[in-house]
Amino acid sequence: MNWLGAIRTATGGLLRHKMQAVVIGMVLLVSTASATLGFALLAASNAPFQHAFGAQRGADVTVTVNAARASSAELATTGRLAGVTAAAGPFAAATVQVQFGGQPFGPLTLAGRASPGGPVDDVVLNAGHWPDGPGQVVLDASPAPGGGGQGGGPQLGSTLSVTGVPGAPALVVVGFAISITNTADGWVAPGEIARLRVPGTPASAQMLYRFTSAGSYAQVRADAAEVTRALPPGTVTGAASWLAAEDATTGNGAIMEPFVVAFALIGLVMAVLIVGNVVSGAVVAGYHRIGVLKSIGLTPAQVVVVYLSRVGAPALAGCLAGVVAGNLLAVSVLQQSSAAYRVGSQQVPWWASVAAPAGMLALTALTALGPALRAGRLSAAEAIAAGRAPRAGRGYAAHRLAARLHLPRPVGLGLAAPFARPARTLVSLAAIAFGATAVIFAFGLHSSLSRAAASQTLSATVPVQIQVVGLGAGPQQWPDAAQDAAVTAALRAQPGTRHDVAVYQGQVKTPGIAQSVSAQAFGGDTSWIGYGIISGHWYNAPGEVDVNTAFLTQSGLAVGDTATVLTGTHPVTVRIAGEVFQPSGQPELFGSAQTLPGLATTVNLQEYYVGLRSGTSAAAYIQAVNARLGSRSPWGATGPEGGQFYQIASALIGLLALMVAVAAGLGVLNTVLMTTRDRVHDLGIFKALGMRPGQMLTMVVCWIAGPAVIAAMIAAPAAVALNTATLHAMASTAHTGIPASFTQVFPPSRLALLSLAALAIAAAGALLPAGWAARARPARALRAE
Amino acid sequence: MRQQSVPAAGNGDVIRLDGVTKTYQAGPPALADVSMSVAAGEVVAVMGPSGSGKSTLLNLIAGLDRPTAGTVTVAGRRIDTIGESALARFRARHVGIVFQFFNLLDDLTVEDNVLLPAQLAGASGKQARARAGELLARMGIEQHKNAYPARLSGGQRQRVAIARALVNSPELLLADEPTGALDTASGLQIGALLRELNADGQTLVLVTHDSALAGRYAARTVRLVDGQLAGAGVEVTV
């Protein structure tokens with residue numbers, strides 16, 4: 001018989017263990033699918049931005065200067081400062097109020113540039129041509145105020161009118177371009193800026209820099225400070241970081257990445273444990289076989305290959321199925337994420353489909369190698385003599401103790417049994433602990449995300465919103481004052497109305513933040529709305545505002561600081577009262593209509609938030625309001641919208657937790673199965689002595705009950721810690737802090753209840769082999785050794 | 001040696017087999033159309049060469065296995081038709097089994113081994129402990145009650161196994177080669193012990209290769225050859 005032929009023959013018998021093959025395959029399926037998904041989300045999260053940032057030589061820092069304070073030569077010298085690797089500018093710039101189609105199109109920062117290219121911020125022209133004369137503008141095609149470049153917004157040839165400037169100059173859209181770092185909302189010919197500047201405002205310009213170190217907001221601020229110091233005092237009026245652009249571009253897949261990675265790691269560790277356990281079990285159970293194989297001439301190397309091949313086929317099948325499952329999951333998640341947030345098509349990179357299974361297979365091979373080498377090293381005589389009984393003396397004390405306890409005998413026998421094979425018991429314990437951790441973690445994360453969703457969409461406090469759903473009677477078919485008044489009357493007429501408040505929305509500018517700030521002004525009491533407060537408090541006095549984390553990060557301001565807000569009419573100085581949970585790369589600001597009067601205008605009236613009295617049905621209320629408003633009203637009542645991310649994330653969490661729990665259950669099944677085979681003769685004796693099937697079932701399930709209880713005690717705190725860490729990682733990825741209440745989702749009673757997951761996994765895994773043991777005929781069990 | 005042409009039967013039978021056949025997946029039947037009975041208080045030896053069906057017969061009487069055809073009645077109850085739980089309960093209360101290789105549980109002490117059938121049958125702890133103590137004393141191994149089986153001699157282990165088999169005071173004691181794994185002296189002691197038990201009224205079925213043992217202790221011998229009673233329905237009594 002040749003070398004491989006001997007292995008084929010020897011392996012034939014081993015492949016009869018179908019259940020172990022299924023366990024290995026399933027565990028690797030779960031791990032590989034999680035790993036593939038994790039890689040895909042990782043790639044989708046920031047790779048496109050990084051690639052484009054490098055290709056377009058994005059600006060690390062965009063510095064806005066008062067052109068009256070420094071000459072062009074002085075500005076140019078900053079390009080030679082230590083740490084500056086490239087600089088461009090100065091480009092004359094102006095922030096202008098623009099209308100499109102008679103509607104406010106928000107404030108736009110326009111830069112005067114002769115061409116799109118340059119050593120920094122090589123703007124990519126997507127459509128049209130670069131402005132080559134007065135009255136022309138190229139708009140940033142990335143999402144901009146009013147949806148520039150998107151359906152419903154300006155098209156090539158559209159005309160924008162600049163308000164607040166004598167003559168209301170018109171700008172024809174001649175192109176669309178992308179600046180990877182959002183240095184401006186649009187570009188005009190250099191000479192055009194002077195004509196567009198609001199009279200009385202200082203001349204402004206921008207300088208664009210790339211630095212050797214600009215990896216964090218702190219480094220970027222230090223770089224900007226270096227430039228500020230090099231120029232006359234008062235020259236620098238603001239500095240914007242490339243990180244803000246990256247934040248805005250980063251897809252929601254990135255936010256899911258921390259928990260996908262957490263599940264992937266759990267799956268990975270479980271795969272190692274279970275594969276190791278299966279192969280070790282195979283070696284131990286197969287001692288006699290090893291002895292026979294060696295006695296008929298198999299070499300140690302052949303024995304090693306035999307045992308590796310026992311794992312290899314199911315592992316390969318599991319990994320391949322895992323890649324397919326991971327791709328299906330990733331494609332689904334990325335598609336949903338793209339559709340929900342219109343961030344464009346995202347693909348699963350080919351390397352994810354190679355790296356995940358290859359890594360898992362390598363890991364499996366390494367895990368299996370130890371026990372396989374042990375099998376190879378055993379001498380034939382040792383192997384035949386060793387048999388498969390556990391080492392004598394192990395677990396005797398536990399049995400003695402269990403016999404003294406006033407427990408039903410099958411329970412006592414079951415609880416003491418794991419001590420006979422401590423290593424195997426530890427592996428089972430670990431598998432259950434990981435599985436239970438995943439389940440508890442999933443429930444906790446779901447609760448945390450539900451709170452985040454409720455806080456972000458206001459679904460818990462604002463069950464009804466009144467929004468524009470049709471054409472109004474005002475200019476450009478926007479609702480007129482009478483139609484607005486009808487809404488207020490309709491709301492006041494409803495007995496279920498507890499609160500209502502008008503919400504004005506628009507874009508404002510704040511020095512220090514390059515992009516526009518999304519602002520909401522509320523016309524009434526808002527103390528009931530229930531935004532999640534990360535720090536500070538919800539505004540309760542004129543002049544106070546709340547902001548999101550992106551605002552604080554990009555501006556470098558903190559709660560309690562003051563900021564200047566340009567609302568379009570005049571600058572307003574506001575005090576930041578609190579940081580609210582609004583995860584976004586876009587800076588956001590919230591204040592009263594009194595604090596932000598420039599924003600609280602009829603044209604900015606976006607919607608009404610409505611709070612209902614207790615016991616009022618939101619659906620009935622919406623129906624009643626819509627009936628009262630009538631079909632001709634441009635306004636209509638709807639339920640809360642948004643939260644797609646949370647739905648996608650919750651579904652994914654549920655699926656991953658289920659997969660890990662199933663893998664853990666299979667790990668338990670494998671262990672109990674191996675123990676059942678080891679102890680089949682003892683089981684026969686128990687039956688011969690009168691142990692009933694129910695008692696047998698109880699005893700076998702109790703084999704794993706003790707480890708399950710310990711696993712639950714480990715899993716509960718582990719899941720709490722994992723949930724907190726994951727939420728903070730997700731929040732960090734989403735560029736937001738989180739209110740403390742989001743992590744406080746495990747009251748002791750719920751945690752205790754969730755800990756039962758460990759027992760459920762153990763029982764589910766043990767029931768099948770326990771059932772087999774219970775049904776086995778005593779005579780057959782006594783014969784089987 | 002005398003031969004009976006009529007099987008022992010009657011209302012006092014502890015065991016009654018009628019036309020019992022046991023067939024495994026392949027090959028000829030392990031038992032073919034066996035009918036026999038054992039009266040209360042009898043000692044019957046079942047003899048035959050290896051593969052003759054002795055252990056299969058014992059398994060069927062003990063309810064450890066089910067016949068392919070025929071009926072098995074033990075202690076007045078048909079056990080070939082009852083469910084597994086009822087069968088286990090029946091076994092615990094009415095049948096004690098002694099195995100050739102003792103089949104003690106290595107991780108339980110002597111006392112816990114003896115107590116186990118009583119505990120499985122739901123006996124009260126105090127009563128069971130008293131009964132176990134009584135049996136261990138009778139077997140002469142009381143001093144080893146806290147020892148583990150591995151530390152005992154073969155003869156001592158078989159005494160433990162007998163004590164365990166008797167702890168629930170079964171009507172029927174089945175012994176499968178009870179001296180087969182023992183030295184001569186120990187075998188004689190175990191034989192004497194079994195005879196004492198029978199003298200106290202214990203019904204006993206011995207499966208053995210040992211014709212001397214059968215001759216010395218059994219009132220009647222049933223011989224099996226190729227799964228059939230020797231002489232087809234004829235019982236052989238020593």
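Q: How many residues of chain A are in contact with chain B, and how many of chain B with chain A?
A: This is a predicted model, in which local features need pLDDT of at least 70, side-chain atom pairs count only at pLDDT 80 or more, and totals for chains, interfaces and linings use all residues. Residues are numbered from 1 along each chain as its sequence is written, and chains are lettered from A and ligands numbered from 1 in the order in which they are written. Two residues are in contact if their C-beta atoms, placed from the backbone, lie within 7 Å. On that basis the residues in contact number 22 in chain A and 25 in chain B.

Q: Which elements give two or more residues to the side of chain A that touches chain B?
A: Helices are DSSP runs of H or I with at least four residues, and strands are runs of E with at least two, numbered from the N terminus. The elements of chain A that qualify are helix H12 (396–404), helix H19 (680–688), helix H20 (693–733) and helix H22 (778–783).

Q: How do the residues of the side of chain A that touches chain B divide by class?
A: Ala, Val, Leu, Ile, Met, Phe, Trp, Tyr, Cys and Pro count as nonpolar, Asp, Glu, Lys and Arg as charged, and the others, Gly among them, as polar. The division is eleven nonpolar, five polar and six charged.

Q: What word describes H14(A) relative to H20(A)?
A: Axes are lines fitted to C-alpha atoms, for helices over the stretch in contact, and angles run from 0 to 180 degrees between N-to-C directions. The axes of helix H14 (residues 422–457) of chain A and H20(A) come within 6 Å and cross at roughly 40 degrees. Angles under 35 degrees count as roughly parallel, over 145 as roughly antiparallel, 65 to 115 as roughly perpendicular and the rest as oblique. H14(A) is therefore, relative to H20(A), oblique.

Q: Which classes make up the contact of H14(A) with H20(A)?
A: The classes are those defined above. The contact has 21 nonpolar, seven polar and no charged residues.

Q: At roughly what angle do H13(A) and H20(A) cross?
A: Residues of H13(A) in the contact include Pro410(A) and Leu413(A), and those of H20(A) include Met699(A) and Trp703(A). The axes of helix H13 (residues 409–416) of chain A and H20(A) come within 7 Å, and the angle is roughly 35 degrees.
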